[in-house]
Structures are given as structure tokens and as C-alpha cells.
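Please read the report below alongside the sequence and the coordinates. It moves from the whole chain to single elements and then to single residues.

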Amino acid sequence: MANRHTIVLMQSSPNRATRTFMDYGSISQAMDGICGLYERKLKEINPTIQNITYDISDLYNFIDGLADLSALIFDHSIQAYLPYDRLWIKHRMFQHLKRLASH
């Protein structure tokens, strides 16, 4: 699963103009990227707080609050991108953060 090109498709609000995508070299980098989006939003909301902390449920609420979120992950065996939904992203995020916490 390492080094599988991942495209995260996101729409932050019901307005279709908020559709965007982010490009990553791996699933792990994509999970870091989604965390980074959330952390930037927290800093925007709380500009005076130096060290912002959050837990997985806060991150899940952010993910659930997006109008749309999905991922396209390149599968080398079929030479194509496979789609994954918000629930899959949340599951991978949990695994990703758990792995980071254990190092």
C-alpha cells in the first residue's frame, strides 16, 4: 500500500465552487494532508492559541462536516484509480494516527 498515488477530492460546502483536489504520493501523505487542512482551519478559528490540540472525534467531525470527501488511489495491478469514500478515509485516518502515536 506504500507509495500509491492518491488524489483527495473535497468539497468544503454545498457550493460547487468549493470543489478541489489534492495530490499525494502515498495514502499516508494524503492522511497527513487532511490533518493539515483541519489544523489550518483550527488556527484560522483560534488565531491566538499557540498549541492547538484535538482528538480523533474532532477530526471525524471536521471530515463529516465537509459537503463531500473521497479519495482515488492508484492500483498498480490494474493500472487504474479506485475510489474510496469518506468512511474508508476515516478508517484509514484512525490507522494512520494510531501508527504515528506508537512511534
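Predicted model: local features only at pLDDT ≥ 70, side-chain atom pairs only at ≥ 80, totals over all residues.

Residues are numbered from 1 along each chain as its sequence is written, and side-chain values use heavy atoms, with hydrogens and water left out.

**Overall fold**

The chain contains three helices and four strands, and along the sequence these elements follow the pattern β-β-α-α-β-β-α. Helices (H or I, at least four residues) and strands (E, at least two) are DSSP runs, numbered from the N terminus. The C-alpha trace spans about 50 × 40 × 20 Å along its principal axes.

Of the 103 residues, 35% count as buried, where buried means under 20% relative accessible area, exposed over 50% and partly exposed in between, with a 1.4 Å probe and protein chains only. Among contacts (heavy atoms within 4.5 Å) between residues at least 6 apart in sequence, 49% join residues at least 24 apart. The chain exposes about 6600 Å², of which carbon and sulfur atoms supply 54%; the areas come from the Shrake-Rupley method with a 1.4 Å probe, and for residues only the protein chains shown count as cover.

The table sets out two helices, with the expected span taken as 1.5 Å times one less than the number of residues.

| Helix | Length | Span, first to last C-alpha | Expected span |
|---|---|---|---|
| Helix 1 | 19 residues | 27 Å | 27 Å |
| Helix 3 | 16 residues | 22 Å | 22 Å |

The buried residues of helix 1 include Ile-27, Ala-30, Met-31, Ile-34, Cys-35, Tyr-38 and Leu-42. An α-helix has 3.6 residues a turn, so residues three or four places apart point the same way. The buried residues of helix 1 pack against strand 1 (6-11), strand 2 (19-24), helix 2, strand 3 and helix 3.

In helix 3 the buried residues are Arg-86, Trp-88, Ile-89, Lys-90, Arg-92, Met-93 and His-96, and these pack against helix 1 (27-45), helix 2 (56-65), strand 3 (68-75) and strand 4 (80-84).

**Individual residues**

Gln-79 lies in the loop between strand 3 and strand 4 and, at 57% relative accessibility, counts as exposed. Most residues other than glycine have a negative phi. Gln-79 has a positive phi of about 55 degrees although it is not a glycine.

Tyr-81 lies in strand 4 and counts as partly exposed, at 35% relative accessibility. Leaving aside neighbours within four places in sequence, Tyr-81 is in contact with His-5, Ile-7, Leu-72, Ile-73 and Phe-74. Tyr-81 and Ala-71 are ten residues apart in sequence, and their C-alpha atoms are 9.2 Å apart in space.

Ser-102 lies in the segment after helix 3 and is exposed, with a relative accessible area of 57%. Although Ser-102 and Asp-55 are 47 residues apart along the chain, their C-alpha atoms are separated by 15 Å.
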